[in-house]
Amino acid sequence: LSSCPVFQQSEDEADFADDATWILTSSFVILTMQTGFGMVEMGSSMAGFEVNILMKNAVDVFMGALGYWLLGYGLSYGVPSSPFMGLGSFAPTAGYAPNVSGLRFSQYIFQFSFAATATTIVSGCAAMRMRFFIYFLYSFFAVIFYAFVAHWLWADDGWLNTMGAYDFAGGGPVHLFGGMNGLVAIVMLGPRTGLFDGKRPKSCFKPLSPSSQLFGLFMLWWGWIGFNCGSSFGITGKKWVVATRAAISTINASAGGGIMSIIYSFLGSGGKQIKVEHVVEGILGSLVSTSPTCSVINTHESILVGAIGAIIPNLISRLLKYLHLDDPVGGVGVHVGAAIWGIIAVGLFADANLPGVDVKNGLFHGGGLEQLGLQLVEVLAMIGWSLATAIPFFYICGVVVSRDWKNPRKGLRMPVKEEIEGPDKFLHGLDTFEDSEIKKEDAGESRTSNDDAFCENDPARVDLGLGPEQRRLDEHNISRRALNRKQGSLGMLPR
């Protein structure tokens, strides 16, 4: 009976349906990570930026969706194709045979969710100073730039794929590519006004809602299960075995990362504190490090991979502060540092004997340096492509707006007054200071805090030429933090 063509066809269709259902479900989970990114970024921000931050996360989805449909999918997986890029299947329609259509569109939505994730990394790195409409354009073009690196690694004829480089769930195309774009934006934008030059007290730049940062971490944490497990692209054959192993490796890595983050923060503070930003960045770094590796390493090895992946982002964040590079959410450490480590870890820990994978043994499993060398080629390719696309994009946009080819930064940054008072008021019509409950808190509890007194009495703010408004916002930032603590808020306060 199994040799009967009709029976065989129904079996194949059942497999297609099972795989498509798995891919679609994973895609939905991954897209919910946009909420997690928004919560982490919003919790790391100052008052007057919350709505603007969430608006940018919405832009990621609808502008990215348009760009991916028009060009992104065809550049990644279009037919015909070359080792460098796809050359067809642009703006795909439903005019295919049922099985072909189902397979194509399930792959499409999954890959789009990856592209949207790569885009949103820049939102956090450039938070609180990039013009909204610059980011609006970036969200469209970023998925097009991303499409090339996705093709190199995951298309059948992609040049990195045919060489043998291995990246299961986007350590290079998603995280390293997105993180390097974020680093370019940080350098070209410069820091937030008053952050490093002493014109505003450091207390005024404290995260508005650490509880919101942690809530966002939880959403990203569970979303990563869909991110990594869904990359099996189905559950038929041995795919389900790979997916289950990826799930355990992901959780174990986050366990190693969480423990290491606690140790790092506790020892770094002299045994006095466990800081939220250390834990958030550490666990996210451990998760990023699993994306390239989770299918090809043993579950006990993933604990070590995650522990190292947690330390790297925290060290990089310290280095960036020393260099006066303003990364409000620690995105460069998480997405560049931990991604590079995860890609290299494939060359160290990959086990070719695990079922369902096609990879050479890593160095620690007797494979020598071959796979490690291929992984280093991937790292260099991702960094090179990011620099080759992000630098011209931001430079051209900055020059067009500023009309000064020597000063693209002026065109990339929002006006100083908008930065000081917040784009929620200027761009979205929401006056931060109109909330009567917060005004009451301004006159009460928060006035007694040492931080508030420090901000209020700092005379250097007048150097910005916006003294009274800046004073109100600085006071308000601290008032909001006090109100968050009092109400147990997640940062989503009534206006």
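**View 1. Helix α7 passes helix α13 in a right-handed crossing.** Here, right-handed means that the near helix is turned clockwise from the far one by less than a right angle, and left-handed means anticlockwise. The whole model is predicted, so to speak of a local feature takes a pLDDT of at least 70 and to count a side-chain atom pair takes 80 or more, while totals for chains, interfaces and linings use all residues. Residues are numbered from 1 along each chain as its sequence is written, and side-chain values use heavy atoms, with hydrogens and water left out. Helix α13 covers residues 370-402, and its axis comes within 9 Å of that of α7, crossing at roughly 40°. That angle makes α7 oblique to α13 (under 35 degrees would be roughly parallel, over 145 roughly antiparallel, 65 to 115 roughly perpendicular, and the rest is oblique). The axes are lines fitted to C-alpha atoms over the stretch in contact, with angles from 0 to 180 degrees between N-to-C directions. On the α7 side, the contact includes L176, F177 and M180, and on the α13 side it includes M382, W385 and F394. Contact here means heavy atoms within 4.5 Å. By class, the residues are 16 nonpolar, 4 polar and 1 charged (nonpolar takes in Ala, Val, Leu, Ile, Met, Phe, Trp, Tyr, Cys and Pro, charged takes in Asp, Glu, Lys and Arg, and the others, Gly among them, are polar).

**View 2. Helix α7 also meets α12, this time in a left-handed crossing.** The two axes come within 8 Å and cross at roughly 140°. Look for G172, H175, L176 and M180 among the α7 residues, and for H335, V336 and I340 among those of α12. This contact has 9 nonpolar and 5 polar residues, and no charged ones.

**View 3. D19 and K239 meet in a salt bridge, with N to O at 3.2 Å.** The pair ties together distant parts of the chain: D19 sits in helix α1 (residues 5-31) and K239 in helix α9 (residues 239-268), 220 residues apart. To count as a salt bridge, a side-chain nitrogen of Lys or Arg lies within 4 Å of a carboxyl oxygen of Asp or Glu. D19, at 8% relative accessibility, counts as buried, while K239 is partly exposed at 30% (buried is under 20% relative accessible area, exposed over 50%, partly exposed in between, with a 1.4 Å probe and protein chains only). The whole structure has 8 salt bridges.

**View 4. R192 and D326 form a salt bridge at 2.8 Å, N to O.** Both partners come from loops: R192 from the one between α7 (171-189) and α8 (210-229), D326 from the one between α11 (299-322) and α12 (331-349), 134 residues apart. R192 and D326 are both buried. Through shared partners, salt bridges join R129, R192 and D326 into one network.

**View 5. R413 and E419 make another salt bridge, at 2.9 Å, N to O.** Both of these residues, R413 and E419, are buried.

**View 6. S101 lies in helix α4, which spans residues 98-125.** At 12% relative accessibility, S101 counts as buried. Leaving out residues up to four places away in sequence, S101 touches A94 and Y96.

**View 7. Stepping back, the chain has 19 helices and 0 strands.** Both are DSSP runs numbered from the N terminus: helices are H or I with at least four residues, strands E with at least two. Of its 495 residues, 57% count as buried. Among contacts with a separation of 6 or more, residues 24 or more positions apart account for 77%.
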